[in-house]
Amino acid sequence: MNDFRDGVEAMIPALRRYARALARDTDIADDLVQDTLVRALRSEKLFLGGDLRSWLYTILTNLNRNRRRTLARRPTLMPLTDTSADASGTEAEGGDIARALATLVEEQRAALLLVVLEGLSYREVADIQGVPIGTVMSRLARARAHIRASLDGERPMLKRVK
């Protein structure tokens, strides 16, 4: 039992990193991590072994998905000022990447962050997102192409509907 709690505690920095990249807001990310830890510790008896890291990422991903569904029902507020105009050099490039990530579809951004930022395998990401591995590969390819196009200054491709 103590090994479980030690394992959960060891995962906190990685959970915070993933949540911050996913939510793009430190306060929301901290809330997501806290809710993840509460659910994990309450459900300790339900954990039957296996990969604790994937289990915790699954909880966090599901909590974020629920949060986004709730937010989709509310009107969005846009900031009136653009603070990125003062950035230059590396800061500007980081801002470009952050903007490109922000324009990705949620599932694509989550897959990309889990693979690139957290170093998970495609199989682990597929298990976390509850989709086939081919879907993860497709999401990653589309996410990478979108980010590449955004950084090159190209407009994202729109699907043609007949």
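How many residues does α3 have, and how far does α3 reach from its first C-alpha to its last? In this predicted model, α3 runs through residues 26-42. The helix has 17 residues and spans 24 Å between its first and last C-alpha atoms, close to the 24 Å expected at 1.5 Å a residue.

Next comes the question of which way its side chains face. Ala29, Leu32, Val33, Thr36, Leu37 and Ala40 of α3 are buried. These six cover an arc of only 130° around the axis, so they sit on the same side of α3. Asp27 and Arg42, on the other side of the helix, are exposed. As for what the buried residues of α3 pack against, the partners are α1 (2-10), α2 and α4 (52-72).

The start of α3 deserves a look of its own. Aspartate 25 caps the N-terminal end of the helix, with a side-chain oxygen 2.9 Å from the backbone nitrogen of aspartate 27. Arginine 24 lies in the loop between α2 (12-23) and α3. Its phi is positive, at about 60°, even though arginine 24 isn't a glycine.

On to the aromatic rings. Searching the whole structure turns up four aromatic pairs. One of them joins phenylalanine 4 and phenylalanine 47, a tilted pair with 5.6 Å from centre to centre and 45° between the planes. This pair links distant parts of the chain, since phenylalanine 4 belongs to helix α1 while phenylalanine 47 sits in the loop between α3 and α4, 43 residues apart. Both phenylalanine 4 and phenylalanine 47 are buried. Phenylalanine 47 also pairs with tryptophan 55: the ring centres are 4.9 Å apart and the planes meet at 45°, so this pair is tilted.

Put together, the ring pairs link Phe4, Phe47 and Trp55 into a cluster. Tryptophan 55, at 22%, is over it and so counts as partly exposed.

Key
Residues are numbered from 1 along each chain as its sequence is written. This is a predicted model: local features need pLDDT of at least 70, side-chain atom pairs count only at pLDDT 80 or more; totals for chains, interfaces and linings use all residues. Side-chain values use heavy atoms; hydrogens and water are left out. Helices (H or I, at least four residues) and strands (E, at least two) are DSSP runs, numbered from the N terminus. The expected span of a helix is 1.5 Å times one less than its number of residues. Buried means under 20% relative accessible area, exposed over 50%, partly exposed in between (1.4 Å probe, protein chains only). The arc is that of the directions from the helix axis to the C-beta atoms. Contact means heavy atoms within 4.5 Å. A polar contact is a pair of N or O atoms within 3.5 Å; within protein, one must be able to donate a hydrogen and the other to accept it, and residues adjacent in sequence count only if both atoms are side-chain atoms. Rings of Phe, Tyr and Trp (its six-membered ring) pair if their centres lie within 6.5 Å; planes under 30 degrees apart count as stacked, over 60 as edge-to-face and the rest as tilted.
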